[in-house]
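Subject: Structure handover

Hello,

Here is the structure for your set. My notes follow below it.

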Amino acid sequence: MEHDAFVSLISRRQSVRSYLDRKVMPDLIEKCLEASRLSPSACNAQPWHFVAADRGRPLKELQRAAFHFGMNSFAAQAPVMVAVFSELPNIASFIGGGVKGIPYHIIDIGIAVEHFCLAAASLGLGTCMIGWFDKQVVKRAVEAPTSSRPVLLITVGYPADDHVRKKTRKSLEEISGWGTYRGSRP
Ligand SMILES: Cc1cc2nc3c(=O)[nH]c(=O)nc-3n(C[C@H](O)[C@H](O)[C@H](O)COP(=O)(O)O)c2cc1C
């Protein structure tokens, strides 16, 4: 892939909070799930589980789970909701993460979810990751085991507005250094 095409894709991936009333075909969601499936993870543990809902009670209840303490009301418009669960990592990742004090499984899920959202953007779909939601409602919505751990929701649909916003981000100088923590570019 040309770098310009890559930059264009990551620019088009933006949080979409307004959707058209248009059905999303399940095969498109499957393509996004496939992109997540291929994502890397510590010790290849793949510690995730995705549940997609595009109709009926699971969809309504996931939308309700997202609308939490007055936040994320836009989820009610999303034609598809995806619940992402953290699964137990394999023993190598579990021990490694414990010893190093780094939650590898959460990093893994973040990457897999970004793969999902980038794939969605490449298909003309908008997404929004939702970290503020009611966990119990999510578990009940999709009949997940009591011990399951939902960590993110993703809203998916055709964006009501195709405008690509300029990203509000810190500068490269603020977030990176060369050679030393604050070192300037050579
Ligand atoms: C882990 C995580 C949790 C988030 N939770 C929410 C949320 O609960 N509600 C929401 O509207 N946006 C949520 N977002 C979206 C961020 O607000 C958004 O990614 C950020 O402001 C950058 O904007 P952009 O996605 O349009 O580039 C979340 C993003 C991440 C990565």
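Where is the place of Gln-14? Gln-14 sits in the loop between helix 1 (3–12) and helix 2. Helices (H or I, at least four residues) and strands (E, at least two) are DSSP runs, numbered from the N terminus.

Two points on how to read the values. This is a predicted model, in which local features need pLDDT of at least 70 and side-chain atom pairs count only at pLDDT 80 or more, while totals for chains, interfaces and linings use all residues. Residues are numbered from 1 along each chain as its sequence is written, and side-chain values use heavy atoms, with hydrogens and water left out.

Back to Gln-14. Gln-14 is buried, with a relative accessible area of 9%. Buried means under 20% relative accessible area, exposed over 50%, and partly exposed in between (1.4 Å probe, protein chains only). Leaving aside residues up to four places away in sequence, Gln-14 touches Thr-127, His-163, Val-164, Arg-165 and Lys-167. Contact here means heavy atoms within 4.5 Å. A polar atom of the Gln-14 side chain lies 2.9 Å from the backbone nitrogen of Arg-165.

The chain overall

The secondary structure comes to 7 helices and 4 strands. From the N terminus on, the elements run α-α-β-α-β-α-α-β-α-β-α. A compact globule with 186 residues would have a radius of gyration near 16 Å; the chain has 18 Å, which agrees. That radius is taken over C-alpha atoms, and the globule rule is 2.2 Å times the number of residues to the power 0.38. Along the principal axes, the C-alpha atoms fill a box of roughly 55 × 45 × 35 Å.

Buried residues make up 40% of the 186 residues. The chain exposes about 11400 Å², and carbon and sulfur atoms supply 58% of that area. Accessible areas come from the Shrake-Rupley method with a 1.4 Å probe; for residues, only the protein chains shown count as cover. Of the contacts with a separation of 6 or more, 79% join residues 24 or more positions apart.

The sheet

In what order do the 4 strands form the open sheet? The order is 1-2-4-3, and the pairing is antiparallel. Two strands pair if DSSP finds at least two bridges between them. Strand 1 (48–53) and strand 3 (126–130) stand at the edges with a single partner strand each, so one side of each is left without a neighbour in the sheet. Neighbouring strands are turned by 20° against each other on average, direction ignored.

Strand 1 pairs with strand 2 (residues 80–86) over 6 bridges in the antiparallel sense. Phe-50 has Val-84 in strand 2 as its bridge partner. Strand 3 and strand 4 pair over 5 bridges, also antiparallel. There, Gly-126 stands opposite Gly-157 in strand 4. Strand 3 is largely enclosed by the rest of the structure, because 4 of its 5 residues are buried.

Helices

Helix 2 (residues 26–37) lies across strand 1, strand 2 and strand 4 (149–157), at about 170° to strand 1. Helix 3 (residues 56–66) packs on the sheet and touches strand 1, strand 2, strand 3 and strand 4. The direction of helix 3 makes about 70° with that of strand 2. Axes are lines fitted to C-alpha atoms, for helices over the stretch in contact, and angles run from 0 to 180 degrees between N-to-C directions.

Ile-106 lies in helix 5 (residues 104–122). Ile-106 is partly exposed, with a relative accessible area of 41%. Its C-alpha atom is separated by 15 Å from that of Ala-83, 23 residues apart along the chain.

Best regards

Terms used: A polar contact is a pair of N or O atoms within 3.5 Å; within protein, one must be able to donate a hydrogen and the other to accept it, and residues adjacent in sequence count only if both atoms are side-chain atoms.
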